[in-house]
Amino acid sequence: MVTRLAAAVLPFLAFLGLSPLLLGAVTRVKSLFAGRTGAPLLQPYHDLRRLLGKQPVYSRTTTWVFRAGPLVGLGAVVAAGLLMSFGGAPALLPFPGDFILFASLLGLSRFATALAALDTGSSFEGMGAAREVTFAAFAEPALFLCLVALVRATGSLSLSGMLREGLPELWRAQGPALLLAATALVVVALAENARIPVDDPTTHLELTMIHEVMVLDHSGPDLAVIHYAASLKLFLFGALVVRLALGFPFSSPWPSLGVFLGGMALFATALGAIESTMARLRLDRVPQLLVAASVLALFALVLLLR
Amino acid sequence: MLLLALLPLVLAPLALAALALAVPRARWRPRLLLVGAGLHAAAVAALWALRPGPTLSGWLALDAAGLLTLSTASAVFLASAVYVQGYLATHPERDDRVFVGSLLALLAAMTGAALAQNLGLLWVIIELTTLATAPLIYFRHDALSLEATWKYLMVCSLGIALALLGTFFLAFSSAGPGGPQTLLLPDLIAAGDRLSRPWVRAAFAFLLAGYGTKMGLAPFHAWKPDAYGEAPGVLGALLAGGVTNIAFLALVRATSVCQAAGEGPFARSALLGVGLLSMGVAAVFMVGQRDFKRLLAYSSVEHMGILALGVGLGGAAAAGAFFHMVNNGLTKGVLFLTAGNIHRAYGTKDTDRVRGAARRLPLSGPLFLLGFLAVTGSPPFAPFFSEFAILSGALGGGRWLVAAAYLALLALIFVTMGSTVLRIVQGEPRQPAEPGFGDVATTAGPPLLLLLAVLALGLWVPRGLLDLFDAAAALVRG
Amino acid sequence: MTYWTGLVFVLVVVLDLLVLASSRLRGAIRTVAFQGAVLALLPLLLPAPAAGEHRVVHMVALAVGALVVKGFLIPGMMLWAMREAAIRREVEPIVGFVPSLVLGALGVAAAFTFSGALPLPAPELHPLLVPTSLSTVWTGLLLVVSRRKAVAQVLGFLLVENGVFVFGVLLSGFMPLMVEAGVLLDLLAATFVMGIVIFHINREFASLDTGRLTSLRD
């Protein structure tokens, strides 16, 4: 009983605990590519601790919307994590149709952040929010088409069902379609998490920033919450890609969790490689990339519908 | 020996084309054209008497429709070859190496297409006609002719690519169990309902778009006014009297396969619709057309529409369509050759500035007028009788609405085309004549002879020829 | 085998979409060349309706011919023309990249949805064959009408030919090699003639913008 409970809860705890590590790993890979030693793997944890210890500063023009933004954002992402199955065990709260709630929770998180940015009344943050929402509008169809393609391929309406046994056979039968969907999903993951080639998480040039410019006015614990929520979101998308790409041949939970975490390490490496080797796209090319992702996902769906 | 009789007909012009490209002396090249055209015409005349059987295991064969197309093309080419002697003499500055070579290659391709019984081979040869014509359109080497060449190449190549897809679809329809697995026309027709009908239907749609483009049927006619307008008049004659007829022949072949597979009604109604549309589009664009060569191009769109309409109606109208194919080819020869003469004498194609052609060009002017009367279906010229045959076919089949639309469009076109042509031919020339561009025997003689042929066909059609029309129409009779 | 054939077909369609999305001419030429090379694999992958010694030679000849013409000769010629004529590298679309991608995707979706209406006469053939061919033809036509540059229009023509080629391979069982050779040669000759015309356009207008070819109209 206890082991079964542990098997169910532990992946979720890993999600909550390891996502800053994922971010640290990506940064490390990037610095290795650039020929630097780079920050330690645990640097994101130190950053979070440092920010949590600070006193927040609030502009007098802001209202409760500004303060609620980060918390709502974090809550939505954590709730989305409850629907996602990470390794071995199914999700904590699986139900048919939960993939729609999953996508909406991610949308809610972005909505809260964008609203908080608009609440500052700063033109820069308004610009960032506008860009973020614009690109999200292009990314969401791609995400939904990917998920619908998965629904069609697996016949299951819940995320846990889509990503469970049967996936390896599916790869053998419908490999090209799943490959297309996975490619589209990677593009969506890059866009949703503000990674190169869509956005550069390390830039501080306001004209080109997208996600970072939205959170310029947040400080202290609020900023820590936002950073943490961002790392959780990256972990979520990584989990989706990894689960889809690996398929899970194991029925027992522990090796499965191990394989999953190994897959996440691979994902971090791949992400770091992509970010190091690609140039950032011009802003007006970003919607094109996302439409291309949608088109790929649509093509996957059409292939599966035949 | 007879077995191989068809092959030299294709290969000889090709050899002459190679020779034309190789001959260093410019004076000799136009003579080569004359030799090729004369030999070709003589050989085609011999074919009428001999009627040899299939060659190359049935890939080349002479049937009624092919013989009609081939003879028309050969006659128009002979007239054009004579005309070119005078034409090139007025343009000594232009290099005629590619011009003469391309013309001879075009003759070879037209011959091959008329004889080809394998639909794949037919496609290859029709694509060759596109490639052979492109340098001819660009003969003037200026910006406008370049534009026309580009549009011609792009539109026709795309169209022909669709036709290839249609050809493959047709091959696919025969690939099923029990199918003949071939592209040979007689085998396809013999297979009849063993062909897969959905594929035949799809194939016809693509073939109609593809060869319809080459034929210049609306709505695929975009290249036609530009190419006819910018190319030398002699090329207009060859396109309207040869190449478009070849494309029509290809469509007839496709229709005959459809017919055999039981999709005849589908094919015929598609042809009927496209035919009427072409006539309508031509009528609309002829109104207020101020470039007389483009006017002729739209007239060609109209007549291709009439051909499609005739085959679409089937029955007696189909025989009329083949008669009309011959008549239209010859009459278009008259019109384009004389239009070229008028163009040169006035230095413009603008109908606002061309007046009194009958006075300045005492032969070409009246011939242009007579050609117009012939092509719009005035008795006693032959097109009147062929257009009447199509009309009576429509009435005989009880297609009252089609007949009414056909008559109304013919009348409309007569009025709009007539108003332009009469303005050109009548009145006093405004500017003084340009020296050296008057009528001479080589440029005015060929259209005169072609017109006499059109008149003769109107006055008396030999029994054998009528049988030939019926035999050709039997391929597609509904 | 079927699995790999399916992968080839999907790759061909993805390359179609990539050509629609590419904004650089050289990249687009290379994509089309790659597509041609991928298509050259098809004769070797598709099952033979009537196997035999003669047929193996035939298929290999077709594959090598297609690879040489579609993968090297034509793209090489176009890249050479671009270098010699100093053509600028932008594609210059009339219809933007996103709308053309969406239109392309709709065409692909339609082709894959409705091609079921055409039953395959031989069951051993791959079900993706017909829709792949139709999608590629559609993409090519779209490219011709939505791009301003002459080179890009020729690319569209090549895509159409590639789409038709997918079908031709299928028929090689009973289409004699001569016709196929004729088809490939015609394609080569057509591209050659178009290349020459491109040259003349460039000389005449000092640009390859077919948007300048608009003097002839009614």
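In this predicted model, 17 residues of chain C are in contact with 13 residues of chain A. On the chain C side of that meeting, helix 1 (2-21) and helix 4 (97-114) of chain C each supply at least two residues. Helix 4 of chain C gives the largest share, 9 residues. Sorted by class, the side of chain C that touches chain A has 15 nonpolar and 2 polar residues, with no charged residues.

Chain C also meets chain B, and here 37 residues of chain B are in contact with 36 residues of chain C. Of the 2 pairs of chains in contact, chains B and C share the most contacts. On the chain B side, the elements that give two or more residues are helix 5 (119-137), helix 6 (143-173), helix 8 (197-215) and helix 9 (223-230) of chain B. Which of them gives the most to the side of chain B that touches chain C? That is helix 6 of chain B, with 17 residues. By class, the side of chain B that touches chain C divides into 25 nonpolar, 9 polar and 3 charged residues.

What about chain A and chain B: how far apart do their closest C-alpha atoms lie? The distance is 19 Å, and no contact joins chain A and chain B.

**The three chains one by one**

| Chain | Residues | Share counted as buried |
|---|---|---|
| Chain A | 306 residues | 49% |
| Chain B | 478 residues | 63% |
| Chain C | 218 residues | 48% |

Let us take chain A to begin with. Chain A holds 11 helices and 0 strands. The radius of gyration of chain A is 19 Å, close to the 19 Å that the globule rule gives for 306 residues, so chain A is as compact as a globular protein of that length. Along its principal axes, the C-alpha trace of chain A spans about 55 × 45 × 40 Å. Among contacts in chain A between residues at least 6 apart in sequence, 79% join residues at least 24 apart.

Chain B has 19 helices and 0 strands. For 478 residues, a compact globule would have a radius of gyration near 23 Å, and the 21 Å of chain B agrees with this. Taken along the principal axes, the C-alpha atoms of chain B fill a box of roughly 70 × 55 × 45 Å. If you count contacts in chain B between residues at least 6 apart in sequence, 82% of them join residues at least 24 apart.

Chain C comes to 7 helices and 0 strands. For contacts in chain C between residues at least 6 apart in sequence, the share that joins residues at least 24 apart is 78%.

**Two helix pairs in chain B**

Helix 2 (residues 29-50) of chain B and helix 4 (residues 97-115) of chain B pack at an angle of about 10°, with their axes 9 Å apart. Angles under 35 degrees count as roughly parallel, and helix 2 of chain B and helix 4 of chain B are therefore roughly parallel to each other. From helix 2 of chain B come Arg29(B), Pro30(B), Leu32(B), Leu33(B), Gly36(B) and His40(B), which meet Arg97(B), Val100(B), Leu103(B), Leu104(B) and Leu107(B) in helix 4 of chain B. The residues of this contact divide into 7 nonpolar, 2 polar and 2 charged.

Now for the other pair. The axes of helix 15 (residues 364-375) of chain B and helix 17 (residues 400-425) of chain B come within 10 Å and cross at roughly 170°. That crossing makes helix 15 of chain B roughly antiparallel to helix 17 of chain B. Helix 15 of chain B contributes Gly365(B), Phe368(B), Leu369(B) and Phe372(B), while helix 17 of chain B contributes Met417(B), Gly418(B), Val421(B) and Val425(B). By class, the contact has 6 nonpolar and 2 polar residues, and no charged residues.

**The nonpolar core**

The largest nonpolar core has 368 residues, of which Cys146(A), Ala181(A) and Ala297(A) touch the most other members. Helix 6 of chain B gives the most to this core, with 20 residues. Leaving out residues up to four places away in sequence, Ala181(A) touches Cys146(A), Ala149(A), Leu150(A), Ala297(A) and Ala300(A).

Key
Residues are numbered from 1 along each chain as its sequence is written. Chains are lettered from A and ligands numbered from 1 in the order in which they are written. This is a predicted model: local features need pLDDT of at least 70, side-chain atom pairs count only at pLDDT 80 or more; totals for chains, interfaces and linings use all residues. Two residues are in contact if their C-beta atoms, placed from the backbone, lie within 7 Å. Helices (H or I, at least four residues) and strands (E, at least two) are DSSP runs, numbered from the N terminus. Ala, Val, Leu, Ile, Met, Phe, Trp, Tyr, Cys and Pro count as nonpolar, Asp, Glu, Lys and Arg as charged, and the others, Gly among them, as polar. A residue is buried if 20 or more other C-beta atoms lie within 10 Å of its own, exposed if 12 or fewer, and partly exposed in between; C-beta atoms are placed from the backbone. Axes are lines fitted to C-alpha atoms, for helices over the stretch in contact, and angles run from 0 to 180 degrees between N-to-C directions. Angles under 35 degrees count as roughly parallel, over 145 as roughly antiparallel, 65 to 115 as roughly perpendicular and the rest as oblique. The radius of gyration is taken over C-alpha atoms; the globule rule is 2.2 Å times the number of residues to the power 0.38. A nonpolar core is a set of buried Ala, Val, Leu, Ile, Met, Phe, Trp, Tyr and Cys residues joined through C-beta atoms within 7 Å.
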